[in-house]
Amino acid sequence: MEKIFLFLSIAIIITLFLIIASMNRKLKQIKIVLDDVLLGNKNRRVVLNNNAKSITELVNNINDIVDNMCEIENEKEKKTNIMSRMISNISHDFKTPLTSLIGYIELIKESDDLSIKDLREYLDIVHNKAYYLNSTLENFFYLSRLESRDEKFNIEEINLTDVIQEQIVFFYNDFKNLGITPSIELLKEDIYVLADKISVGRILNNLLSNSLKYGKDGDKVGVAIKEDNDYVYVEVWDNGKGIPNKDLKLIFERLYTVEDSRSAKLGGTGIGLSIVKQLVKSNKGKISVESTPFEKTLFMFSLPKSVRRQEPKKFSNELP
């Protein structure tokens, strides 16, 4: 009996020793992988051939922590890149008009024989440059308020048909100067949505302005309304040079711009569509874009629909 007890004791001790040794090897493997991750190898994960449930759960938890850490690191790197691009874009968008503005001011100061006509022309240029800079700064601050959720919205029932017509009339001179007759496809009845009227007007204003800037290589700009049971869909489109496929997924990112469209003349800061996306989101809607160059570049956003409808009313597709 004593021999059996001794044999069992030795077997238990050996088994415990093997378990401890195995655990030690596994812990060393885990430490090697974690050290490698900390050195920057984000693709390493702990992989152990193990049947023990507790060890398996530990390994899974460690891998989850590593995944989260890498995700945070990637997001941090992405934000750093965005900040770098933001500074670069701000420098680009401010440098040219500021240089021009300073140049004209110096010209006015140093010229003793400027005619009234020339003086007014130069002052108009200075005014336009200053207005552009002020507008750009306001957009930066406005987007910042949207992203930090400091902007307040008055969500109520609004007549979307009226808001669209107001924006079409607002751009009347732009359409006329570019020789464009807009294609307007509204429903036969006034249609109502639950949204903030001011921000919806700004969404339409930015999208129409964008179409006129970057779609003027074509000859058409259009606005259309569609609906289903829950949402109203507004389409703003043009048949200009369009957006490259590689840029479609990035077009709404903060300060992203299609490189060949950037110029002082167009005044593209890449911030307008970022504002549009934030405003649509704040109004409980979604926005998408698709583009076939010189055929159709289409921005479509949705807004929650209100059930109220007015009596059918006449609407002319002709501008005043």
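Q: If contact means heavy atoms within 4.5 Å, what percentage of the contacts in the chain between residues at least 6 apart in sequence join residues at least 24 apart?
A: This is a predicted model, where local features need pLDDT of at least 70 and side-chain atom pairs count only at pLDDT 80 or more, while totals for chains, interfaces and linings use all residues. Residues are numbered from 1 along each chain as its sequence is written, and side-chain values use heavy atoms, leaving out hydrogens and water. Among contacts in the chain between residues at least 6 apart in sequence, the share that joins residues at least 24 apart is 71%.

Q: How many helices and strands does the chain have?
A: Both are DSSP runs numbered from the N terminus: H or I of at least four residues for helices, E of at least two for strands. In this chain there are eight helices and seven strands.

Q: How are α4 and α6 oriented to each other?
A: Axes are lines fitted to C-alpha atoms over the stretch in contact, and angles run from 0 to 180 degrees between N-to-C directions. Under 35 degrees counts as roughly parallel, over 145 as roughly antiparallel, 65 to 115 as roughly perpendicular, and the rest as oblique. Helix α4 (residues 160-170) and helix α6 (residues 197-214) pack at about 40°, with their axes 10 Å apart. The two helices are therefore oblique.

Q: How do the residues in the contact of α4 with α6 divide by class?
A: On the α4 side are L160, V163, I164, E166, Q167, I168 and F170, and on the α6 side K197, V200, G201, L204, N205 and L208. Ala, Val, Leu, Ile, Met, Phe, Trp, Tyr, Cys and Pro count as nonpolar, Asp, Glu, Lys and Arg as charged, and the others, Gly among them, as polar. The division is eight nonpolar, three polar and two charged.

Q: Which residues have the most contacts inside the largest nonpolar core?
A: Such a core is a set of buried Ala, Val, Leu, Ile, Met, Phe, Trp, Tyr and Cys residues joined through side-chain atoms within 4.5 Å. The largest one has 48 residues, and those with the most contacts inside it are L160, I164, V200, L204, L207, L208 and F301.

Q: Which residues does L207 contact, leaving aside its neighbours within four places in sequence?
A: L207 is part of the contact surface of α6 with α8. With those sequence neighbours set aside, its partners are V236, L273, V276, F299 and F301.

Q: How are α6 and α8 oriented to each other?
A: Their axes lie 9 Å apart, at an angle of about 150°. The pair is therefore roughly antiparallel.

Q: How far apart in space are I271 and T136, C-alpha to C-alpha?
A: I271 sits in the loop between α7 (245-248) and α8, and counts as buried because its relative accessibility is 1%. Although I271 and T136 are 135 residues apart in sequence, their C-alpha distance is 8.8 Å.

How values were computed
Contact = heavy atoms within 4.5 Å. Buried < 20%, exposed > 50% of the residue type's maximum accessible area, 1.4 Å probe, protein only.
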